Amino acid sequence: MKKTVLEIDLKALEHNFNIISSKLNSKTKFMAIVKANGYGSNGTEVAKRLAAMGVDYFAVAFALEGIALRKSGIKTPILVLLPQVESIKEIVKYDLEPSLYSFYFLENFIDHLSSNEIRNYPCHLKINTGLNRVGFNEKEAKRAVNKIKNSDSIQLAGVYSHLAATDDLHQSKFTLSQINLFKKISSDVKSKLSCNPILHMSNTSAIYNYPECEFDMVRSGIGLYGYNNELNKELRPVHTLRSIIAQIINAKMGDSIGYNRAFICEEKTKVGVIPLGHADGISRLFSSNAYIIVNGKKAKVLGNICMDVFMVNLNGIDVHEGHEVVIFDRNNNAEDYAKSVGTISYEILTNLSERIERKIIG
Ligand SMILES: *Cc1c(COP(=O)(O)O)cnc(C)c1O
């Protein structure tokens, strides 16, 4: 039966993992980023496949996402990038490794560990080298390290930082300054604590653009799903979003289409109704702007995207009700779609709602 379905191609995932791994030194560890349900795919299926392929680490944003992986049987270490104080108990219960990024979190975490007499709990210290999102700057890192040193609760499994503009080579001076600052701070941390944590800094586009930033481990998200900001020809998109023509409406010249009459037909128009809307993650910015693929041809969106449906122009395309359509796939990929509405593939993929059925292939 044809219907709206998001295909998740695990063979493409394997291919991308192998390609990205082949760029790394043989000793470099690989952390797969599976936050936001594996960039809108299916986080547990993606993680299971990568675990079977020997990935070293996973990262998620929040504890809940890590708990879901543990409940599905994942035994690989899991870094929680943005753990909240409210989830500290669960983090320990499910053997998740938190990022230590603020004094608020650090102090509460140490309190929890020491009151439960837990020692040497693995954590990753987050250094802010200029993204100014989360983490300790150089001065704060010294204070954080003192707190860690004065308690025996924490063992640093990792020290890491995140780059601000790895996909923009015009910013390479800034990027190199971030890398150098990270080298300096991380070596201070290591000598102060006499430990040997995993250093990690690269995201996908740093793996491509800044090989000098490999350190001990890389963190790849978007590349595993087939993108590297730009569509990267050697990678393969994992997500394919298909739907169907639910109905065909034959509109006359002068008829309006959809809410607020945002489109007026300039000629007789064969209008296809697609059962996908902004509640499914098809942004309203897509209105009157973008196109989908029907029978290999472009069908332009007509008028405003509704909550559950949108309409397209089928003039000149030989199709019937029930015919399959492609929103994005390997050839007409999510990055092109993203560009047509002024955003990036990350947002398109992670916006795909729970309501869309996921079908695992490969
Ligand atoms: C999401 C995230 C990544 C992954 O970045 P990609 O560009 O998808 O490879 C890496 N590190 C951190 C800290 C992140 O939040």
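1. Start with the ligand. There are 13 residues around it, and Lys35, Tyr39, Thr204, Ile222 and Tyr346 come nearest; a residue counts as near if one of its heavy atoms lies within 4 Å. Keep in mind that this is a predicted model, where local features need pLDDT of at least 70, side-chain atom pairs count only at pLDDT 80 or more, and totals for chains, interfaces and linings use all residues. Residues are numbered from 1 along each chain as its sequence is written, and side-chain values use heavy atoms, with hydrogens and water left out.

2. Now for the polar side chains facing the ligand. Threonine 204 has a polar side-chain atom 2.5 Å from a ligand oxygen atom, and lysine 35 has one 2.7 Å from a ligand oxygen atom. For arginine 133, an N or O atom of the side chain sits 3.3 Å from an oxygen atom of the ligand.

3. Next, the overall layout. The chain is split into domain 1 (10-225) and domain 2 (239-361), with bounds that come from an automatic or database domain assignment. Taken over C-alpha atoms, the two domain centres are 37 Å apart.

4. How many residues of domain 1 are in contact with domain 2? Twelve, and they meet nine residues of domain 2, contact being heavy atoms within 4.5 Å. Between them the domains bury about 880 Å², 60% of it on carbon and sulfur atoms; buried area here is the accessible area (1.4 Å probe) that two parts lose on being put together, summed over both. On the domain 1 side, Tyr39, Gly40 and Ile222 lose the most area to domain 2, together 48% of what that side buries.

5. What holds across that boundary? You'll find zero salt bridges between domain 1 and domain 2, a salt bridge being a side-chain nitrogen of Lys or Arg within 4 Å of a carboxyl oxygen of Asp or Glu.

6. Finally, the structure as a whole holds 14 salt bridges. In one of them, glutamate 7 pairs with arginine 242, and the closest N and O atoms are 3.0 Å apart.

Conventions:
A polar contact is a pair of N or O atoms within 3.5 Å; within protein, one must be able to donate a hydrogen and the other to accept it, and residues adjacent in sequence count only if both atoms are side-chain atoms.
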